[in-house]
Amino acid sequence: PLSHCSHFYDNPIQFVGQSAFQYLPKLHTLSLNGATDIREFPDLKGTTSLEVLTLTRAGIHFLPRRMCQQLPSLRVLELSHNQIEELPSFHRCQQLEELGLQHNKIQEIRADTFVQLLALRSMQVFWNYIQFIHPEAFVTLHSLTKLDLTDNQLVTLPLDGLAGLTHLKLQGNPALSEPFTKESFPKMRVLEVPYAYQCCAYGSCSSFFRVSSQWEAEDMAPEEEDPHKRTLELFPGHADNHYDLDADDLQLDLEESKLHPTIQCTPSPGPFKPCDHLFESWIIRLGVWVIVLVSVLCNGLVILAVFASPSYLSPVKFLVGSIAGANLLTGISCSMLALVDSLTYGRFARYGARWETGAGCRVTGFLSVLASQAAIFLLTLAAVQCSLSASCVRGYGKSPSLGKVKAAACCCLLLSSVAAVLPLFSIGEYGASPLCLPYPIPEGKPTSLGFTVALVMTNTLCFLTITGTYIRLYCSLLKGEFSAVWDCAMVKHVAWLIFTNCLLYCPVAFLTFSSTLNLFLITPEVIKSVFLVVLPLPACLNPLLYLLFNPHFRDDFRLLRQKGQDKGSFPQSCRADDMEKSSYDSTQALVNFSDIDHMCETPDSLGVRPILDSYSFPSMALIPCQQ
């Protein structure tokens with residue numbers, strides 16, 4: 001007959017009869033692992049001395065309500081990796097000290113589930129579907145020191161009865177964002193929470209937070225954990241049964257012996273998980289506000305000058321205005337971050353988790369990616385349009401029409417929208433940090449790394465295309481080709497855009513590839529500064545280059561002012577003369593106007609000569625670009 005201790009782990013046993021272990025009064029330990037055909041909890045009538053019961057990796061769906069009546073001496077119960085959906089009341093298991101219910105399908109913990117378990121010290125309920133815990137579920141658990149609720153679906157955690165906890169694990173509950181205080185857990189030593197902001201109450205120095213190696217090891221491979229070994233760890237009191245002393249208890253004893261014990265709280269706060277301010281430096285704060293104001297105001301002026309001016313809207317000029325629209329969206333996304341920093345000033349930890357997981361962060365990230373990608377794609381289109389226009393002028397005497405350029409710009413906007421939408425469908429992540437950017441951060445989960453690398457590679461390819469296209473274009477100009485068909489101001493402006501955007505994108509690409517290779521060579525504070533200031537800086541500089549150095553803006557602004565003053569006062573012919581004079585003053589080297597509304601086709605096939613004859617343009621001396 002079975003007596004004292006029976007272990008059936010690492011055996012090919014798939015099924016055991018329900019009454020196989022009845023009436024064994026001397027049986028103290030029963031371990032059965034991997035009997036997958038067991039669907040019902042065994043009937044242990046008469047086995048009243050059982051103290052340790054391990055029944056794991058089976059197919060048990062429910063526990064009998066009379067289980068504790070049959071096992072009054074039970075001290076360790078390990079039922080992990082089953083299909084248990086509902087728990088009975090354990091109130092008759094008065095001697096129960098260790099309870100393992102991980103990897104089941106439990107959805108709720110009622111008020112009477114653990115009532116009067118005065119001896120219960122450790123409870124493992126991770127990897128379940130727990131959505132609700134009754135506010136009084138833990139009230140009577142006066143001896144409970146370890147509670148593991150990792151990877152559930154908790155929204156709130158009742159704190160009554162948990163003041164004696166020394167170890168608490170709550171990671172993997174994304175909806176659990178409520179902050180905790182030191183008063184909630186006065187004896188806490190190891191705390192793992194869903195968000196770093198919940199660790200802010202336990203210190204502000206990054207070195208104050210350390211990771212428990214024991215618990216980290218458990219997280220590394222929870223599926224490969226040996227249930228028998230875990231049972232041995234859960235029950236340290238039986239030396240005669242060869243149970244090992246729990247490593248967490250040893251660690252706790254060592255910490256309590258120190259004069260100044262520390263709390264090991266993870267994940268740790270840091271520059272990307274700040275406790276007090278989203279922008280931790282006044283230099284960064286002022287820099288972001290300057291970028292917001294300049295980008296919104298200056299890009300608004302560029303859009304007004306380009307699209308509201310009565311002067312001729314060339315394809316390149318249209319693309320410059322479209323780039324200004326994309327840069328304006330960048331300014332708006334930065335303004336949302338600046339507003340959050342202002343509203344949560346000094347108490348960001350209280351709102352950080354809700355901001356990261358909320359719709360506002362997703363909208364901010366969407367606008368940021370949409371704007372940055374649209375600006376890069378439109379700049380690529382502008383460079384290609386200049387080169388293609390030059391080739392068409394040389395071959396056919398005409399450049400691509402504005403309608404075709406608008407269609408290409410719509411395609412760029414569509415591609416940008418697709419890139420911005422992907423993180424909303426879990427391809428990338430906007431909520432990895434409160435900056436709401438899909439770029440990898442130090443010590444963060446690499447969930448968005450593939451998306452970010454693809455994004456950076458695409459942008460790098462665009463910049464290489466832009467650079468090669470413009471080098472070829474400038475080589476043609478240096479040879480004296482197309483000397484009388486170019487708007488030199490716009491060619492030069494696009495060149496400046498290429499130079500500044502390429503230069504400012506290099507740090508972002510460097511950080512991305514450094515993250516891919518796990519080579520963060522600079523501090524997180526500098527990385528955060530790059531994302532907040534350098535990344536949106538082109539949205540600030542692009543319009544300034546147009547407003548300060550491009551003669552088109554001065555002419556367009558003068559026409560807008562005259563239009564406002566002379567509206568309804570002058571006949572249409574006068575305004576037409578002003579438009580022609582402005583076109584001559586600003587460009588000095590425009591195409592001979594036959595390329596305005598036609599694609600790259602032969603002149604004779606389109607009947608261009610009769611069309612040109614119907615126009616009466618003023619004569620002008622075209623100055624070559626080389627001059």
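Author: A word to begin with: a residue is called buried when its relative accessible area is under 20%, exposed when over 50%, and partly exposed in between. Please keep in mind that this is a predicted model.

Reader: Thanks! Is E356 buried or exposed?

Author: The cut-off for a buried residue is under 20% relative accessible area. E356 has a relative accessible area of 4%, so E356 is buried.

Reader: Which residue forms a salt bridge with E356, and where do the two partners lie?

Author: The closest N and O atoms of the pair are 2.8 Å apart, and the partner of E356 is K273. E356 belongs to helix α7 (residues 352-357), while K273 is in the loop between β12 (264-266) and α5 (282-308), so the pair ties together parts that are 83 residues apart in sequence. With a relative accessible area of 18%, K273 is buried too. The partner you asked for is therefore K273, in the loop between β12 and α5.

Reader: How many salt bridges does the model have?

Author: Side chains of opposite charge can pair when their charged atoms come close. The rule used here asks for a Lys or Arg side-chain nitrogen within 4 Å of a carboxyl oxygen of Asp or Glu. Applied to this model, the rule gives a count of ten.

Reader: What separation in sequence does the salt bridge between R121 and E97 span?

Author: The closest N and O atoms of R121 and E97 are 3.9 Å apart. R121 sits in the loop between β6 (108-109) and β7 (122-124) and E97 in the loop between β4 (76-78) and β5 (98-100), so the parts that they tie together are apart in sequence by 24 residues.

Reader: Which helix holds both R558 and D555?

Author: R558 and D555 form a salt bridge, with their closest N and O atoms 3.8 Å apart. R558 is partly exposed at 25% relative accessibility, whereas D555 is buried at 11%. Three residues, about one turn, separate them in helix α14 (residues 551-566).

Reader: How are the rings of F90 and F114 arranged?

Author: A pair of aromatic rings is described by the distance of the centres and the angle of the planes. A search of the whole structure finds eleven aromatic pairs. For F90 and F114 the centres are 5.9 Å apart and the planes are at 15°, so the pair is stacked.

Reader: Are F90 and F114 buried or exposed, and which loops do they come from?

Author: F90 is in the loop between β4 and β5 and F114 in the loop between β6 and β7, so this pair ties together parts that are 24 residues apart in sequence. Both F90 and F114 are buried.

Reader: What arrangement do the rings of W496 and F499 have?

Author: Both residues lie in helix α11 (residues 488-516), three residues apart, about one turn of the helix. W496 is partly exposed, with a relative accessible area of 44%. The ring centres are 6.1 Å apart and the planes are at 85°, so the pair is edge-to-face.

Reader: Which strand pairs with β2?

Author: Six of the seven residues of strand β2 (residues 27-33) are buried, so β2 is largely enclosed by the rest of the structure. L30 stands opposite L53. The pairing is in the parallel sense over five bridges, and the partner is strand β3 (residues 52-56).

Reader: Which element has the lowest mean pLDDT?

Author: For the protein the mean pLDDT is 80, and 74% of the residues reach 70 or more. Among the elements, strand β9 (residues 146-148) has the highest mean, 97, and the lowest, 37, belongs to helix α17 (residues 608-613).

Definitions and conventions:
Residues are numbered from 1 along each chain as its sequence is written. Side-chain values use heavy atoms; hydrogens and water are left out. Helices (H or I, at least four residues) and strands (E, at least two) are DSSP runs, numbered from the N terminus. Buried means under 20% relative accessible area, exposed over 50%, partly exposed in between (1.4 Å probe, protein chains only). Two strands pair if DSSP finds at least two bridges between them. pLDDT is the predictor's confidence in each residue, from 0 to 100. Rings of Phe, Tyr and Trp (its six-membered ring) pair if their centres lie within 6.5 Å; planes under 30 degrees apart count as stacked, over 60 as edge-to-face and the rest as tilted.
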